[in-house]
Amino acid sequence: MYRENAEKLLDFIQKSPTAFHAVEEMSLRFRQEGFEELKENTPWNLKKGGRYFVTRNHSALIAFSVPETDVRKFHIIASHSDSPTFKIKENPEILSDNVYVKLNVEKYGGMICAPWVDRPLSVAGRLVVKENGNLIEKLVRIDRDLLLIPSLAIHMNRSVNEGVAYNVQKDLLPLYGGEEAKDTFMKLVADAAGVTEEDILGHDLFLYSRTPGAIWGAEEEFISSGRLDDLQCAFSSMEGLLEGTHKESIAVHCVLDNEEVGSGSRQGAASTFLKDTLWRINAGLGRSYEEYLMTLAESFCISADNAHSVHPNYLDKADPVNHPVMNKGIVIKYNADQKYCTDAFSAAVFKDICKDADVPFQTFVNRSDMAGGSTLGNISITQVAVPTVDIGLPQLGMHSPYETAGVKDTAYFIKAAKEFFR
């Protein structure tokens with residue numbers, strides 16, 4: 001069970017080099033499972049017993065299942081589709097010394113920069129093109145080793161092993177080709193999408209690591225890949241929704257975008273996407289606004305964004321007593337300043353879910369003298385005010401292009417999500 005789910009996760013991540021591709025993969029899966037796709041710009045005709053999904057910006061998705069009975073509560077699992085990477089700028093080519101072509105990029109999110117150097121990279125994202133008088137989106141993925149960010153030799157930087165302060169504009173621009181590659185990049189992208197370069201009116205293109213995921217360790221107990229944060233949670237939530245029986249609540253699988261840059265977009269946790277969708281579900285079932293507010297009061301949300309495992313080389317960075325470990329269960333995250341919105345009640349609810357699902361759980365709190373990150377839970381509940389617990393799966397190397405987690409933990413979250421969506 002553990003390895004099978006880990007292999008399925010790696011396959012999902014391999015097909016999801018960007019948030020756009022992750023949402024496309026989930027959309028394909030929901031269609032295959034009989035979910036009906038809804039559009040935000042058309043009326044929704046919902047039925048009891050129906051299963052539906054809707055996307056926004058092709059990078060955020062909400063899927064939900066309506067029970068046959070008159071249930072009046074939402075059970076929501078919210079995760080995110082994006083990961084730290086480099087975004088390709090407009091007019092991307094830079095000719096260097098008339099012999100090399102490199103690409104102009106900027107950081108997206110708070111990444112660890114060093115591991116991006118000296119490894120094969122490529123490009124994926126979306127294009128907006130005009131076809132038959134209409135603007136349409138085309139997903140694109142160049143599925144070959146295309147780029148590399150070369151490091152500077154130690155002979156030219158003798159202090160390199162004493163620490164490097166990377167300047168993205170100088171140190172981290174990827175090498176694309178020799179001088180003969182000039183003026184070919186956008187044509188290459190267009191060819192990969194099956195359009196002409198002149199058709200492209202806009203693009204959201206990102207670098208992605210070509211290093212394949214792996215299952216490894218003395219007992220094959222670890223899994224490493226890019227984008228574990230947060231596709232591991234998004235994948236587990238999706239599997240839990242598909243396996244759940246959906247008899248006691250309206251089950252909602254919510255995957256939002258732009259968490260890594262603060263969630264302040266029309267498809268992020270600070271947007272109205274989740275609120276709009278829940279309200280339209282309520283209205284589609286013929287219920288009033290007051291009944292909607294009553295439903296929210298009975299609802300619950302799991303904010304699922306990966307957590308830090310205690311690091312074997314940096315035990316001093318962890319809280320003295322709260323030491324989450326990979327393969328030891330789902331992590332419940334606490335923070336007094338509400339960067340995580342777990343409280344006594346929401347923690348108790350989630351622990352009860354884990355016990356019913358026979359799944360282990362752990363706790364995470366930052367050292368009291370170290371500031372931690374935030375997630376989407378405390379942002380989304382400003383739009384949808386429901387009791388919320390912040391959880392995650394323990395991992396190492398968060399925000400590296402190659403992160404590490406436990407093989408067992410994906411299966412643990414799938415079981416807990418299935419129980420929650422029961």
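This is a predicted model: local features need pLDDT of at least 70, side-chain atom pairs count only at pLDDT 80 or more; totals for chains, interfaces and linings use all residues.
How many of the 16 residues of α5 are buried?

**View 1. Helix α5 and its surroundings.** Of the 16 residues in α5, 15 are buried, so the helix is largely enclosed by the rest of the structure. Helix α5 covers residues 228-243 and reaches 21 Å from its first C-alpha to its last. That is close to the 22 Å expected at 1.5 Å a residue.

**View 2. Cysteines without a partner.** If you are looking for disulfides here, the structure holds zero of them. The sulfur of Cys233 has its closest cysteine sulfur in Cys301, 12 Å away, which is too far for a bond. Cys301 is in no disulfide either, since the nearest cysteine sulfur, that of Cys341, is 7.3 Å away and a disulfide needs the two sulfur atoms within 2.5 Å. Cys233 is buried, at a relative accessible area of 0%, and Cys301 counts as buried too, at 2%.

**View 3. Strand β20 and its neighbours.** Take a look at β20 (residues 403-406), where Glu403 and Ala405 point one way and Thr404 and Gly406 the other, with all of them buried. Strand β12 (residues 222-225) runs antiparallel to β20 and is joined to it by four bridges; Ser225 has Glu403 as its bridge partner. Strand β19 (residues 394-396) is also antiparallel to β20, with two bridges between them, and here Gln395 stands opposite Ala405. β19 and β20 form a hairpin with six residues between them, and in the turn Gly397 has a positive phi of about 70°.

**View 4. A salt bridge between Arg56 and Asp276.** The closest N and O atoms of this pair are 3.1 Å apart. The two residues come from distant parts of the chain: Arg56 sits in strand β2 (residues 51-56) and Asp276 in helix α6 (residues 273-284), 220 residues apart. Arg56 is buried, with a relative accessible area of 8%, whereas Asp276 counts as partly exposed at 28%.

View 5. The side chains of Arg72 and Glu291 meet in a salt bridge, 2.5 Å from N to O. Arg72 lies in the loop between β3 (60-65) and β4 (74-80) and Glu291 in helix α7 (residues 289-297), so the pair ties together parts that are 219 residues apart in sequence. Both residues count as partly exposed, Arg72 at 34% relative accessibility and Glu291 at 23%. They belong to a network of salt bridges that also links Lys48, Asp70 and Arg287. Across the whole structure, a search finds 25 salt bridges.

View 6. Met1 is found in the segment before α1 (2-14) and is exposed, with a relative accessible area of 54%. From Met1 to Gln14 the C-alpha distance is 20 Å, for residues 13 apart in sequence. Asp11 counts as partly exposed at 39% relative accessibility, and so does Lys15 at 38%.

**View 7. A nonpolar surface patch.** Val99, Tyr100 and Leu175 make this patch of about 250 Å². Val99 lies in the loop between β5 (85-96) and β6 (100-108) and counts as partly exposed, at 36% relative accessibility.

Note on methods. Residues are numbered from 1 along each chain as its sequence is written. Side-chain values use heavy atoms; hydrogens and water are left out. Patches are made of residues with over 30% relative accessible area and no salt bridge: like charges are joined within 9 Å, nonpolar side chains (Val, Leu, Ile, Met, Phe, Trp, Tyr) within 5 Å. Accessible areas come from the Shrake-Rupley method with a 1.4 Å probe; for residues, only the protein chains shown count as cover. A salt bridge is a side-chain nitrogen of Lys or Arg within 4 Å of a carboxyl oxygen of Asp or Glu. Buried means under 20% relative accessible area, exposed over 50%, partly exposed in between (1.4 Å probe, protein chains only). The expected span of a helix is 1.5 Å times one less than its number of residues. Two strands pair if DSSP finds at least two bridges between them.
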